[in-house]
Structure formats: C-alpha cells, structure tokens
Amino acid sequence: MSDVTLRISDGSSARAFVARAEGRRGAPGLILFQEAFGVNAHIRDVAGRFAGEGFVVIAPEMFHRTADPGFEAGYDDFDSVRPHMSALTPDGIEADARAAHEFLTGDAGVDPARIVAIGYCMGGRCAFLANAVLPLRAAVSYYGGGIAPALLGRAKHLHAPHLFFWGGRDTHITPEHRAAIVDALRTAKRPYVNVEMSEGGHGFFCDQRPSYHADSAAESWALTLEFLRRNLG
C-alpha cells in the first residue's frame, strides 16, 4: 500500500492511495471513490479489502483542488466538508476519474481491459460519472447522492452494467430521486441492478459511522463481489 501522485488534465495534481496484492499479474483494476470525508482510514481499509480479493485499487483524493493533501474530516464535521463538496464539479470528477484510469492501465500488474469503479456516498455519484466517460467493465454506487436530477442525462452514456445500493431508511436521498435514476437507465436501455437494503440508512456500509448496519454491509459486500466478478469474466 502506498501513495502516488496523479497528474490531472486541468493542470492540477492529486494524491491517491494504492492497494494491491503483491506478486499478481493481469489483475483487475478498481477505482475507489471516497465518501465526502476524505480518503480516510475507512476508505483505505476498503481498498485493502478489495486488494485482498485480487484487485489493484486506486483511491484518488477528490478534494485536491481545494484542500491540502491528506484532507480528512470527522463524520460529525460536515461543516468542514461542505465547501469542498460545493467546489467539486462534474468536469473535475471526470478528469480525476480519467487520471485514475490511466494510472491503472499503465500499471504492469493490471489487465487494462478489466477495470471497474465503485464509490460510496459522494463517491457513488463519482462512480456514475466515471461509468459515463470510461470504458469500464462494471460500476457500483452506494447511496450516491446528487445523481438525480442533475446527472440523469448521462445515463445514456454509461459504458457498463451499474449496481446501485440504497438504504431503505436513508433520509438524505429521496425515494423519488432513486426512482428517477432507475427510470433514466430503463429509458436509456442501460443494464443495471437496483438494490434496496431495507434496514440500512445512509452510510450503512461504513463501520465508522453511527448509521452502520452490519447485515446490510455484509450482504452488499457479497453482492458487490459477485457483480464485479461476473462482469469481469
């Protein structure tokens, strides 16, 4: 596990965390998009879990344009996060996704034809945008806020099957927004899987948040691995 620097097409640079199982060749690559609270201990742990499953994982710091390298905020400190989220644009997200993808395709241990993306919370929106601009094999969004209504026009551009997880008790993302995403993908005839964890709230996968729900996290993890492996071939 290590940190690398990505050069972004807009002239900025981003630190990114990389995790891999050493000694593997031809491994699938995975772009891991952070929650709003930074590439923190939880995101690094998730990266390590995916590396343990055979992926080469890169988690770019999405606030690099407005925050110092290594920025993290506590889960109870959204005030520190808000200005960086507000400054994050679709164009910036797409540029960062392309830089992360280029890192993976240039890595000798990665099969460049087998790259996927996953994101949590804010990162779920990033994974959706990444699927619209990159030749991914699959993408996964956990409770991705901000997809509807602003980004629904991008649904027709998705390259790969997309798996969505929502918490049935999520008070941040409305049922209407979730339904609008499904309607957009159905209209665009894009392949998707839509899963609601009835007992999960917003952030149910993160064991560092009060909303963590162990059963929902375990079930979604198993479904995620199966979805990725099936689409990677």
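Reader: What radius of gyration does the protein have, and what would a compact globule with 233 residues have?

Author: This is a predicted model. The protein has a radius of gyration of 16 Å. A compact globule with 233 residues would be near 17 Å, so the value agrees.

Reader: And the box?

Author: Along the principal axes, the C-alpha atoms fill roughly 45 × 40 × 35 Å.

Reader: How many helices and strands does the protein have?

Author: There are six helices and eight strands. From the N terminus, the order is β-β-β-α-β-α-α-β-α-β-β-α-β-α.

Reader: What share of the residues counts as buried?

Author: 55% of the 233 residues.

Reader: OK, the core. Which residues touch the most other members of the largest nonpolar core?

Author: Leu32 and Phe50, in a core of 84 residues. Helix 4, residues 122–133, gives the most to this core: seven residues.

Reader: What is Phe50 in contact with, leaving aside neighbours within four places in sequence?

Author: Leu30, Phe55, Val57, Ile118 and Tyr120. Then Trp221, Thr224, Leu225 and Leu228.

Reader: Contacts overall, then. Of those between residues at least 6 apart in sequence, what share joins residues at least 24 apart?

Author: That share is 69%.

Reader: Last one, charges. How many positive and negative, and how far apart are their mean positions?

Author: The protein has 23 positive and 27 negative charges. Their mean positions are 7 Å apart.

Methods:
Residues numbered from 1 in each chain as written. Predicted model: local features only at pLDDT ≥ 70, side-chain atom pairs only at ≥ 80, totals over all residues. Heavy atoms only, no water. Core = buried A, V, L, I, M, F, W, Y, C linked by side-chain atoms within 4.5 Å. Buried < 20%, exposed > 50% of the residue type's maximum accessible area, 1.4 Å probe, protein only. Helix = DSSP H or I, 4+ residues; strand = E, 2+ residues; numbered from the N terminus. Contact = heavy atoms within 4.5 Å. Rg over C-alpha atoms; globule rule 2.2 N^0.38 Å. Lys, Arg positive; Asp, Glu negative; His and termini not counted. Charge placed at Lys NZ, Arg CZ, Asp CG, Glu CD.
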